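Work through the exercises below with the sequence and the model at hand. Each task is followed by its solution in steps.

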Amino acid sequence: NLLRHTDGSYLTEQKKYTFEENSLLLDYSKVEPIYFKDNKEKKCVDIFPYDTGVGIETIYYIGIDWLTKEQPIYIEPKLNKKGAQTNYLLMLFKALRHPEVAQHTDDLYEIKFEKDTIQIEQKQDLLTPLLVIHFLSIVKEIVRKGLKKSYYKVENNLYGRIKGKVVVGKTIKQNHFKNKPLNTFCAYDDFGLNGLENRLLKKALFFVQRYLPSVKNLEAEQYMAEIFGYTLPAFEFVSEDVNVNDLKHTKTNAFYKEYAEGIRLAKMILQRFGYNITNTQNKTIHTPPFWIDMSKLFELYVLGLLKDRFRQYVGYHDYFKGNELDYLLDCNDNGKEYKLVIDAKYRELYQRGYDIKDIRQVSGYARLNKVYEKLRVDKDLLIDCLIIYPDLASPFDDLFMVGDLTPDDEKRKIIEFSNFYNRLQKYLIY
């Protein structure tokens, strides 16, 4: 059984839970924290002693894993005060509307295919919808740019001619023994769209097609169906015939950077379903342990919203001598000038206050000489700082920036500091 809280509910991210020794968990000394990609600075689940039992702290990650060799733990997205759950899929596809955002998803999730699988219900599956949305967004960009052509090996029974290498065994068995002396089986290289990479993408698309009806998130389902309808016709003349052994031999050209990511995701989707398309319809599934970094997802979501508004004028993860900034904005929009250091904080704290560590961090970024140079701001001036954070109760899904403020609108200012603002940013819910 998946580990649950004492009230019977599943554990959610960013909370502390305690369990008695005689309930579900055993000896505290036998339970260890779970790290994201083995990074000791990124804990998915932390463990602390609690009287005669054990305490568990969940920290900005959702997913499923083995807490002990016998006990799996399942972390759901957090709930708001009305019990509605974070719509992490909607956050993802709003971010991936911009193809360049997909280049920053390396640290978004981790899948542990090498570990034993864990049985869950289809409705508890947080991983597959995320993989599908990510995969479809990449394939959409591939189709937009055009499928690449390549050389691939084919075998054909040619009449009255020979091309490439004669396949002697098949020629004798299927032609000579059947009184077809002018037919010859030949193996040769052909050039076109039916290369291994495109066939692999199409095979994964067929798995996705079978899986889509099981998605219960209406907005996500509509989004995926729309992209699927756009991408599949481009593969009309591509076969889905792929041998599992062929997956080891897929190669990508650096010129087609989306193909590398698309093929990586296609392999994961096929592996996720055990290379058996009937597994896409199961009500219970066996999933490998996995973790999704919700703070990273929120960061990409905010990046997508910033690009909706300011397009290419948003810098992401600019690096200045050991300092990595979330976003830099340098834009003149309809006569309003925006020159800001922006940071995304996946914390609801800013609805009622602030964390001085965050203020110092962002303020420090805004005092870097390189930032002044990049934004072309006089060093006698203070650069505006903005923190964007989630708000579960907000009905809005947009960004009101510093330049939109009226003189008497103090609610978006952190009044203890000069030129420092926060903005209630919708944290999407079902």
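**Exercise 1.** Find which helices and strands each supply at least two residues of the lining of the largest pocket, and sort the lining by class.

*Solution.* Step 1: strand 4 (39–50), helix 7, strand 19 and helix 8 each supply at least two lining residues. Helices (H or I, at least four residues) and strands (E, at least two) are DSSP runs, numbered from the N terminus. The model is predicted: local features need pLDDT of at least 70 and side-chain atom pairs pLDDT 80 or more, while totals for chains, interfaces and linings use all residues. Residues are numbered from 1 along each chain as its sequence is written, and side-chain values use heavy atoms, without hydrogens and water.

Step 1: the lining of the largest pocket has 24 residues, and Lys 42, Asp 293, Ser 295, Lys 296 and Glu 299 lie nearest the centre.

**Exercise 2.** Describe the aromatic pair of Tyr 60 and Tyr 346, and state where each of the two residues lies.

*Solution.* Step 1: rings of Phe, Tyr and Trp (its six-membered ring) pair if their centres lie within 6.5 Å; planes under 30 degrees apart count as stacked, over 60 as edge-to-face and the rest as tilted. The count by this rule is ten aromatic pairs.

Step 1: Tyr 60 and Tyr 346 are 5.6 Å apart centre to centre, with 65° between the planes, an edge-to-face pair.

Step 2: Tyr 60 is in the loop between strand 5 (53–58) and strand 6 (61–66). Tyr 346 is in the loop between strand 19 (336–344) and helix 8 (356–365), so the pair links parts of the chain 286 residues apart.

Step 3: Tyr 346 has a relative accessible area of 4%, so Tyr 346 is buried (under 20%; exposed is over 50%, partly exposed in between, with a 1.4 Å probe and protein chains only).

**Exercise 3.** Is Ser 363 buried or exposed, and which residues is Ser 363 in contact with, leaving aside neighbours within four places in sequence?

*Solution.* Step 1: Ser 363 is found in helix 8.

Step 1: the relative accessibility of Ser 363 is 19%, so this residue counts as buried.

Step 2: with those neighbours left aside, Ser 363 is in contact (heavy atoms within 4.5 Å) with Cys 385 and Phe 420.

How values were computed. 1 Å grid on protein atoms, 1.4 Å probe; cavity = no way out; pocket = protein on both sides within 12 Å on 5 of 7 lines; lining within 4 Å. Nonpolar A, V, L, I, M, F, W, Y, C, P; charged D, E, K, R; others polar.
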